[in-house]
Amino acid sequence: MKQASLTINVPFFDVDAMQVVWHGHYIKYIEMARSELLRTFDYDYPTMEANGHLWPIVDLRLKYVASATYGQDIRVTATLAEWEHRLKMNYEIRCVDTGELLTKATSVQVAVCKNTKEMLFESPDIVFEKLGVTRS
């Protein structure tokens with residue numbers, strides 16, 4: 001199971017007047033973790049496009065459990081859950097100091113042919129090659 005994490009110190013420009021992270025910024029944080037995860041198997045967005053595929057997000061779900069606040073160190077972890085037909089990733093955002101769960105999320109991306117804009121119903125072979133697994 002592929003996984004990647006990064007630590008973010010919540011910046012002032014991400015918080016509201018109560019010094020709580022605005023809900024939309026969590027999406028940015030999981031996007032950062034997703035890119036980090038994709039780089040672990042050399043399949044970040046430029047590589048996807050160079051291989052003729054686009055991978056739009058078709059489903060994104062977040063569950064806000066507790067608030068992150070200004071100056072807090074948070075750890076964002078992305079885990080690759082599915083890759084055969086789509087890229088499904090699970091995320092957790094936790095407080096670095098306490099380990100408290102702040103947010104859980106999932107995202108689903110599907111492969112689209114860059115030239116035809118048609119959705120593929122299976123992940124392209126390059127995904128399996130990059131992951132070092134065989135198609136079942």
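Contact is taken here to mean heavy atoms within 4.5 Å. The views below show a predicted model.

**View 1. Helix α1 and the elements against which it packs.** The buried residues of α1 are His25, Tyr26, Tyr29, Ile30, Ala33, Arg34, Ser35, Leu37 and Leu38. These buried residues pack against strands β1, β3 (57-64), β4, β5 (87-95) and β6 (101-109), as well as against helix α2. An α-helix has 3.6 residues a turn, so residues three or four places apart point the same way.

**View 2. The span of helix α1.** The helix contains 16 residues, and at 1.5 Å a residue these should span 22 Å.

**View 3. Aspartate 42, in the loop between α1 and α2 (45-50).** Aspartate 42 follows α1. Although aspartate 42 is not a glycine, its phi is positive, at about 55°. Aspartate 42 counts as partly exposed because its relative accessibility is 45%, and buried would require a value under 20% and exposed one over 50%.

**View 4. Glutamine 19, in the loop between β1 and α1 (25-40).** Glutamine 19, likewise not a glycine, has a positive phi of about 65°. With a relative accessibility of 40%, glutamine 19 is therefore classed as partly exposed.

View 5. Strand β1 runs antiparallel to β4 (residues 73-82), to which 7 bridges join it. Within β4, arginine 75 is the bridge partner of threonine 7.

Key:
Residues are numbered from 1 along each chain as its sequence is written. This is a predicted model: local features need pLDDT of at least 70, side-chain atom pairs count only at pLDDT 80 or more; totals for chains, interfaces and linings use all residues. Side-chain values use heavy atoms; hydrogens and water are left out. Two strands pair if DSSP finds at least two bridges between them. Helices (H or I, at least four residues) and strands (E, at least two) are DSSP runs, numbered from the N terminus. Buried means under 20% relative accessible area, exposed over 50%, partly exposed in between (1.4 Å probe, protein chains only). The expected span of a helix is 1.5 Å times one less than its number of residues.
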